[in-house]
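Trainee: Could you show me how to read strands and sheets in a structure that is new to me?

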Amino acid sequence: MSQDRLDPVAAFAELGRISLAENDLHGVLDRVADLARRTVPGTEEASVTLVRMGTAKTAAYTGPLALALDEWQYRRGTGPCLAAAAEQTTVSAPDLAGDRRWPGWAERAVAAGVRSSLSVGLIIGEQVHGALNLYGVRDAAFDHDAVVLAETFAGFAAVALSNANLYGTTARLARQLEAAMASRAVIEQAKGIIMGSRRCTADEAFAILTAISQDSNRKLRDVAAALVAEAGNGGDR
Amino acid sequence: MVTRSEPPAQSRPPGDSVLTDTLIELAGTADDDPAVVALLATVVQLSADLLDPVAFASVTRQHESRYSTVAMSSALALAVDEAQYADNAGPCLDTLDGGAPTSVPRIDATISWPGFRDTAYTLGLRSSLSVPLLAGRGEPAASLNLYGHHPDTMAPLSAAVLAAYDDAPEARLSPLVRDLCPGARQLIAGLLGAFAVRDTIQQAIGMIIASRGTNAYLAYALLRSQAAATTGSLLEVATTIVAGDRR
C-alpha cells in the first residue's frame, strides 16, 4: 500500500489548482490518476480510461498493473472499466476471486495480485466518456466510504477534465485566430504595394501574392512580410 | 490631433443598422482620436440593448500594462471586469493580448480564471464572450465583453463571432448568422464591415510604404496626419489613396 496518502480536501483543492494553460488533457489526467491513488483508501494503482468514437484507451495510469488490466479489457471488449464508462455508473468488484461477471478478466486480475476493483464513470465531453479505475490488493479494499469518496473525486475530476478538453479545443482555435489576425495586416499591406506598382485591384493583387506563395513554396504571410520589408528598405537606398 | 466630437450614445438616432454602423465607424477612426471612447460607449449600450442573449456588456482597454473598463451597461459588468484586472487574468485580458475572441461557454467549469469565475458566477452569469474591436491602426483597440445568463443562448452568438474572425467563407457563416436575433446579425455585419475597413487602411499603408520607402509604423502616422488635416476619417483618406493609385 502506498505511503504518500493525501487528505481528500487537499486532493480536491489540488484538482482545482490544475493550470490548464500549463497542462494538456493528458497532463490533467496524469494528475487525476495520481491524486486518486493517494486519496482513496485501499487503492494500490489507479488509471483513467477514455472512450472516444467507440475506442477505449488508458490515458493515464500510476503503474504497469493498472495498464495491463485495463488493456486486457479493451482487447476483449468487456470488463468493469468499460461497463462504468458505457453506463456512466459505479462498478464495484469487492471479491474478484468469486466474480463471474467478466469471464477471464477476474482470473487474470487475481493472478496479478489484484483482489478488488472500483470503476467510476466520467462524462468528459459530448464525444468523450471515460472511467476512473482503482485497483486494490485486498478483498473488499473499497468500503462504502471509499466508494463515496471515489465518486466525489470523480465528480471533481470530470469538471477538470471536461474543462481541459474544452480548453484544449478553445485554445487551439484562439491560437489559430490570433495568427490569422496578425497575418492579415501584413497581407493587406503587401496587397497595397502590389496594387500600387501594378495598378491593379485588391483581388488581382491577392491573386499575384498567392501565385508567388505557391511558386516559391512559402507561406502567404512570409511572402507578404518579405515584400513589405523589401519595399520599406527601398527608400533607404 | 483630431478633436471631432461624437454625439453621445443616447442621442444617436435609432436605426436598424446602428450597431453595424458604429463598429464600422470605429474601425475607420484613429486609436488616439477622442471620438473612440464615445464610439465604444455606444457599442456597449447597443450590445446590451440589442443582443438578446446578453445581460450585461462592457469594454476593456489597455493603456501600457494597465487594463480598465471604459464603458459598461451595468455596474455588475464592471465587477466582473475588475475581478479579472485584480488577478491580471481573464478572458477579456486574453482577448486584448491575443487579438482573437475568447468564448467561455460555461463559466462554472472554468478553472483557469478563478477570480473571474467566482465573481461572474455569484452575479448569476453563466457564459461570456469577449470580442476584440478594431480601430484605425488595425490592431485590437478594445475588448467588448458580453456576459449572459444562459449558455444555450450565448453559444450560437459565440459560434458566429468566432467564425467571422476565422475568415469563414459565406457558406459556413450564413447558416450560423441566419437564426441569430437582429441585434446579433448587426454585430456580425459590423465586425465584417470593420475587417473591410481595416483591409482598405492596411492597403493604403502598403502603398505609402512602397511610395515613401518607409515602414508600416511611419506609413500609418502619415495616413493619420493626412486624415487630421482633412475630414478626420482614416477610411476616407485610405479609400482615396487606394482608388487614386489605380486611376
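Mentor: We will go through the strands of chain B and then the sheet of chain A. This is a predicted model, in which local features need pLDDT of at least 70 and side-chain atom pairs count only at pLDDT 80 or more, while totals for chains, interfaces and linings use all residues. Residues are numbered from 1 along each chain as its sequence is written, and chains are lettered from A and ligands numbered from 1 in the order in which they are written.

Trainee: Which strands of chain B pair with E1(B), and over how many bridges?

Mentor: Strands of a sheet pair through backbone hydrogen bonds, either parallel or antiparallel. Here strands (E, at least two residues) are DSSP runs numbered from the N terminus, as are helices (H or I, at least four), and two strands pair if DSSP finds at least two bridges between them. E1(B), residues 56-63, runs antiparallel to E5(B), residues 140-148, with five bridges joining them, and B:Thr60 stands opposite B:Ser143. With E2(B), residues 66-72, E1(B) forms six bridges, also in the antiparallel sense, and there B:Ser58 has B:Met72 as its partner. Two residues lie between the strands of this hairpin, where B:Glu64 takes a positive phi near 55°.

Trainee: In what order do the five strands of the open sheet in chain A lie?

Mentor: The order is E2-E1-E5-E4-E3, with antiparallel pairing. E2(A), residues 55-61, and E3(A), residues 90-93, are the edge strands, each pairing on one side only. Within the sheet, E4(A), residues 116-123, and E5(A), residues 128-136, share eight bridges, and A:Ser119 is partnered by A:Asn133.
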